[in-house]
Structure formats: structure tokens, C-alpha cells
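Please look through the structure below before reading on.

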Amino acid sequence: MSPAEPKAVRGVVRGKVQGVYFRDTTELRARSLGLAGWVRNAEDGTVLIHAEGPERELDELVAFLGEGPPAARVEAVELEPVPVDGYEYFGIRGIGSGSFAIQEHLATRRHFDLRLEVDGVMRSWALPRGPSLDPFERRPATEVADHTRDDARYEGPTPTGGVIVWDRGAYEREGLVPWPAALDRGRAEFRLDGEKLRGGFALRRHTGRGERSQWWLTKRPDEHARPGSDVTADQPRSVVSGRTLDELLRGG
Ligand code: MN
């Protein structure tokens with residue numbers, strides 16, 4: 001194996017490593033070394049890291065992790081070799097990328113709309129069959145015009161029917177390519193933290209570009225996946241008002 005062949009390590013840094021700019025300085029150092037991967041704060045107070053690139057630069061990053069920034073107190077760095085994932089950059093994970101919403105909407109047809117906040121607008125896809133938590137279901141998604149954040153919060157009557165806010169929350173971008181380039185390339189992964197939808201999802205474009213392009217929305221097979229479930233039938237109510245769309249249309 002040539003020394004220039006990229007390698008990858010993944011693991012955990014323990015100690016006083018959160019709230020001390022550990023993620024930020026790790027990202028800066030990794031980028032300056034030309035490494036790719038990610039760093040994130042874990043819920044148990046540790047820092048998780050995946051780094052890949054040339055062995056010599058990886059060794060330099062590992063040496064940095066053993067010290068950390070000045071306010072850190074590193075107790076242990078536990079890394080192990082893993083396969084190279086092919087990341088294109090080094091980024092901080094676990095920071096909310098913005099808000100998301102899913103609205104149920106009666107217009108010409110009844111459908112759901114997925115809206116993801118990207119650069120201040122809500123990128124939007126119409127979901128004729130809604131979303132699913134079943135990782136074996138792929139749901140068609142048609143890209144539609146960007147909407148505003150106010151549009152994504154709206155619930156009530158519309159000239160042609162009505163709309164409820166079926167789910168909402170924060171989301172986090174994932175995958176190997178930064179956004180919005182990932183969307184431009186037609187392959188975007190993200191993690192939803194909604195009231196009904198949680199965990200990893202993927203959007204993959206299969207036909208066309210821009211508005212009216214056709215995508216698939218799929219649930220990743222993680223701990224939030226519910227094979228065989230039908231979340232839109234099981235949980236039909238607005239997360240804002242508790243109404244169903246039918247109740248809203250009847251004026252309830
Ligand atoms: Mn719509």
C-alpha cells in the first residue's frame with residue numbers, strides 16, 4: 001500500500017471537550033491539512049470524529065486532537081481505522097441547518113409539500129403520496145418553486161382548498177457533498193428532527209432539472225425507521241392546531 005493512499009479513522013475524544021471550541025478548531029485544523037470528514041458533539045459530552053486523507057496529515061490531526069484548543073482538557077482519543085467514505089470536505093455536524101415543514105395541501109389535488117430551509121428560502125417538493133417512515137417505500141417528490149418561511153408556517157383556507165402544517169422542526173444536512181451543491185447534483189441526505197418524522201432521509205433526483213424535476217424521497221434504515229408503517233394515515237393531524245385537513249376544510 002502506497003503511503004499516499006488515503007486512509008480513514010473514526011472515533012471519540014473524551015474529556016472536557018464541549019463548549020471549548022473543540023469542533024471549530026478541529027474543523028479548521030483538518031481543513032488546513034487538506035483532510036475530509038466531520039466532527040460532532042455527542043449527547044454524552046464527548047466529541048465524535050471521522051477524518052480521512054493522507055496518513056501523515058491524519059497523524060498530525062490525531063496529535064492535535066490529543067491536545068485540543070487551549071480551554072479543552074482531553075482525557076482520551078480513541079480512534080480506529082475504518083474504510084474511506086470519500087467525503088469531499090471537512091465539516092461540523094450536529095448543527096441545525098434550518099427549519100423544515102411538511103404541509104398537507106388541497107389544491108387541484110390533495111398532496112403533501114416538503115419544505116427545507118436552504119439559504120433563507122424553503123426549497124420545496126410536492127409529495128403526491130406523502131412521506132413515509134418505511135425504508136422500503138420510495139415516495140415520488142416533484143420539485144416546485146421555492147416558498148417563503150411564512151408560507152411554510154401557514155395553516156388555513158386557500159382559494160382552492162386549504163393547508164395544514166402536518167409536521168415541522170429542524171433538520172441537519174448530511175451526506176458527502178455540502179449543500180446546496182448536493183441539491184444541484186440531485187442527491188441530498190438529511191436528518192429531520194420533527195414531531196412525526198425523525199432520522200435520516202434521502203432525496204434523489206431521477207428525471208429533469210429545476211422546477212418539475214422528479215425525485216424519490218426515502219427513509220434511511222436507522223432507529224427511527226418504521227417498516228410497514230403508514231405515518232400519514234396513523235398521524236393525520238396538524239402539529240399546530242390538532243385539526244385534520246378534512247376538519248379544516250369543513251370549517252372545524
Ligand atoms: Mn402544495
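**From the whole chain to single residues**

The chain carries 37 positive and 41 negative side chains, and the centres of these two sets are 4 Å apart. The model is a predicted one. Its chain contains six helices and 14 strands, and the C-alpha atoms fill a box of roughly 65 × 35 × 35 Å along the principal axes. Of the 252 residues, 46% count as buried. The chain exposes about 12,700 Å², and carbon and sulfur atoms supply 49% of that area. Among contacts in the chain with a separation of 6 or more, 64% join residues 24 or more positions apart.

Which residues of α1 are buried? They are Phe22, Arg23, Thr26, Glu27 and Ala30. Seen down the axis of α1, these buried residues fall within an arc of 125 degrees, so they line one face of the helix.

The face of α1 turned away from the buried side carries the exposed residues Leu28 and Ser32. Serine 32 belongs to helix α1, which covers residues 22–32. Is serine 32 buried or exposed? Its relative accessible area is 57%, and exposed means over 50%, so serine 32 counts as exposed. Between the C-alpha atoms of serine 32 and proline 54, which are 22 residues apart along the chain, the separation is 13 Å. Just after α1, glycine 34 takes a positive phi of about 75 degrees.

Apart from neighbours within four places in sequence, threonine 232 is in contact with Phe112, Pro131 and Trp166.

The last stop is the manganese ion. Which protein donors does the manganese ion have? They are His105 through ND1, His111 through NE2 and Asp113 through OD, lying 2.1 to 2.3 Å from the ion. In sequence, the donor residues follow the spacing H-x5-H-x1-D. Histidine 105 and histidine 111 are both buried.

Notes:
Residues numbered from 1 in each chain as written. Predicted model: local features only at pLDDT ≥ 70, side-chain atom pairs only at ≥ 80, totals over all residues. Heavy atoms only, no water. Helix = DSSP H or I, 4+ residues; strand = E, 2+ residues; numbered from the N terminus. Buried < 20%, exposed > 50% of the residue type's maximum accessible area, 1.4 Å probe, protein only. Donors = N, O, S within 2.8 Å, 3.2 Å for Na, K, Ca; no water. Contact = heavy atoms within 4.5 Å. Arc of directions from axis to C-beta. Areas by Shrake-Rupley, 256 points an atom, 1.4 Å probe, with all protein chains shown as cover. Lys, Arg positive; Asp, Glu negative; His and termini not counted. Charge placed at Lys NZ, Arg CZ, Asp CG, Glu CD.
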